[in-house]
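Let's go through the labels attached to this fold and ask what each one rests on.

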Amino acid sequence: MNDIILAAKEIKKIYHGDAKEVRAVNGISVNITRNESLTIVGPSGAGKSTLLHMLGGLDRPTSGRVELEGIDIYKMSDKDRAEVRNRRIGFVFQFYHLLPEFTALENVMLPALVKGPRPGVKERATDVLKAVGLKDRINHVPGKLSGGESQRVAIARALINDPEILLCDEPTGNLDSRTSESIYELIFNLQLQRNMALVIVTHDELISAKTSKSVRLKDGLVI
């Protein structure tokens, strides 16, 4: 049985500007299997985030394929690809991107309401917030939350639709070391509990050592 859920095949991302060509990602192939944890590591400018965004259907490659269970997601319509992202892939970014006028609960509910009201969404969002340790912060707006609490809300939002894949782009880049440790512990525990594939972009070798596989980049290439 083929357990590969997400695969990049010779993908490239090339930018042109000021008469200069920049190969942010230069022909990378990687397979991600169900339930595995993977880190993408390397220095700033190595192409880590660009690779992650292409894997998640956010940024079209210049060439190559990104396949979700064998289907090239960039041959889908924009609408179909957006639906795949919403239903099957969760994203956690360095910046929380919470809507400041909405409570933690309302922020978490949003991805589940893309197609309109659905029964049980509020209860599910409440359960996910409890799972990330925020049962006492459910009705707080982002301005009343700490950085660590805001990132936990962002993680809960990423989990509301029960994704099969969780993509994290430097998820603790704005947090102190102690808070970072607790956030990573939470992410790894949730991955095991929910049987998700987990991909983390990081420059932290300690985090890389905790995952089942790592891809090391430099200048847009795997080294």
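Q: What does "buried" mean here?
A: Buried means under 20% relative accessible area. This is a predicted model, and in it the label goes to Lys48, Thr50, Leu51, Leu52, Met54 and Leu55 of helix H1.

Q: What makes H1 count as largely enclosed by the rest of the structure?
A: It's a head count: six of the eight residues of H1 are buried, so the helix is largely enclosed. Just after H1 comes Gly57, with a positive phi of about 80°.

Q: Which strands does H1 touch as it packs on the sheet?
A: Helix H1 (residues 48-55) touches strand S3 (37-41), strand S7 (165-169), strand S8 (197-202) and S9. Contact here means heavy atoms within 4.5 Å.

Q: How do you know how the direction of H1 relates to that of S7?
A: The two directions make about 155°. Angles over 145 degrees count as roughly antiparallel, so H1 and S7 get that label.

Q: What is the sheet itself made of, and what is its strand order?
A: Six strands form an open sheet, ordered S6-S7-S8-S3-S9-S10, with mixed pairing.

Q: Why are S6 and S10 called edge strands?
A: Strand S6 (89-92) and strand S10 (221-222) each pair on one side only.

Q: What makes S9 and S10 count as a pair?
A: Two strands pair if there are at least two bridges between them. S9 and S10 are joined by two bridges, so they meet the cut-off.

Q: Why is S7 called largely enclosed?
A: Five of the five residues of S7 are buried, so the strand is largely enclosed by the rest of the structure. Both faces are covered: Ile165, Leu167 and Asp169 are buried on one side, Leu166 and Cys168 on the other. In a regular strand, side chains alternate between the two faces of the sheet.

Q: What angle does helix H2 make with S6, and how would you label it?
A: Helix H2 (residues 78-88) lies across S6 and S7 and runs at about 75° to S6.

Q: Why is Ser37 called buried?
A: Ser37 has 8% relative accessibility, and the cut-off for buried is under 20%, so Ser37 qualifies. This residue is in strand S3 and touches Gln191, Leu198, Lys210, Thr211, Ser212 and Lys213, leaving aside residues up to four places away in sequence.

Q: What makes Asn35 partly exposed?
A: Its relative accessibility is 42%. Partly exposed covers what lies between buried, under 20%, and exposed, over 50%, so Asn35 lands in the middle class. Asn35 is in the loop between strand S2 (20-33) and S3, and has a positive phi near 70° despite being a residue other than glycine.

Q: Why are H5 and H6 called roughly parallel?
A: The axes of helix H5 (residues 147-159) and helix H6 (residues 177-194) cross at roughly 15° and come within 10 Å. Under 35 degrees counts as roughly parallel, so the label holds for H5 and H6. Their crossing is right-handed.

Q: Which residues make the H5–H6 contact, and how do they divide?
A: Gly148, Gln151, Arg152, Ile155 and Leu159 in H5 meet Thr179, Ser182, Ile183, Leu186, Ile187, Leu190 and Arg194 in H6. They split into six nonpolar, four polar and two charged.

Q: Where does Asp162 sit, and what is its phi?
A: Asp162 is in the loop between H5 and S7. Its phi is near 50°, a positive value in a residue other than glycine.

Conventions. Residues numbered from 1 in each chain as written. Heavy atoms only, no water. Helix = DSSP H or I, 4+ residues; strand = E, 2+ residues; numbered from the N terminus. Axes fitted to C-alpha atoms, helices over the stretch in contact; angles between N-to-C directions. Parallel < 35°, antiparallel > 145°, perpendicular 65-115°, else oblique. Left-handed = near helix turned anticlockwise from the far one by under 90°. Nonpolar A, V, L, I, M, F, W, Y, C, P; charged D, E, K, R; others polar. Buried < 20%, exposed > 50% of the residue type's maximum accessible area, 1.4 Å probe, protein only.
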